Amino acid sequence: MTSETVRPAEKMAILVWAADPGRPELCATPFYFAAAAAAMDVEVEMYFTARSVELLQVGVAEKLEAAAGSGKSVADFRREALTFGVKIYACPTALASHGVDASTLIPAVTGQAGAATFIGRSLDPAWRTLSF
């Protein structure tokens with residue numbers, strides 16, 4: 001029997017589907033985890049689906065406080081993740097389902113990608129996944 005060195009994954013894909021703008025207390029955590037992973041030199045991609053795509057619209061995250069009275073908006077957490085190089089993708093089906101026009105998304109959105117792309121990441125041994 002040979003021993004193999006297990007190498008940690010260097011890439012992380014985060015599925016964001018339950019971070020509903022109607023529940024702001026749920027919206028900062030995915031960005032916080034993404035920033036933390038990216039700060040550890042992990043390549044991070046975030047995939048937004050369901051109502052979470054609304055967090056990518058200009059002006060939406062800016063109006064949401066991560067914790068009541070904190071003075072820190074969800075957009076502040078998003079900016080931090082982007083500063084660390086996190087890539088952000090919006091699901092085209094979710095955009096259509098929730099009436100979000102791609103032209104209203106923040107310029108930092110990397111592009112559109114949906115279920116097939118995220119599933120591809122989850123099947124790739126170089127990637128780890130989280131869901132929020």
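A residue counts as buried when its relative accessible area is under 20%, as exposed when that area is over 50%, and as partly exposed in between, with a 1.4 Å probe and protein chains only. By that rule Cys91, at 10% relative accessibility, is buried, and Cys27 is buried as well, with a relative accessible area of 0%.

The structure is a predicted model, in which local features need pLDDT of at least 70 and side-chain atom pairs count only at pLDDT 80 or more, while totals for chains, interfaces and linings use all residues. Residues are numbered from 1 along each chain as its sequence is written, and side-chain values use heavy atoms, with hydrogens and water left out.

The structure holds 0 disulfides, a disulfide being a pair of cysteine sulfur atoms within 2.5 Å. The sulfur of Cys27 has its closest cysteine sulfur in Cys91, at 17 Å, which is too far for a bond.

Helices (H or I, at least four residues) and strands (E, at least two) are DSSP runs numbered from the N terminus, and two strands pair if DSSP finds at least two bridges between them. The pairings are set out here.

| Strands | Sense | Bridges |
|---|---|---|
| β2 (residues 43-48) and β3 (residues 87-90) | parallel | 4 bridges |
| β3 and β4 (residues 111-112) | parallel | 2 bridges |

From β2 the chain crosses through helix α2 (residues 74-83) to β3 in a right-handed β-α-β crossover, a term for a path from the first strand over the helix to the second that runs clockwise with the strands pointing away from the viewer. Within β3, Ala90 is the bridge partner of Phe48, and Ala90 also stands opposite Gln112 in β4.
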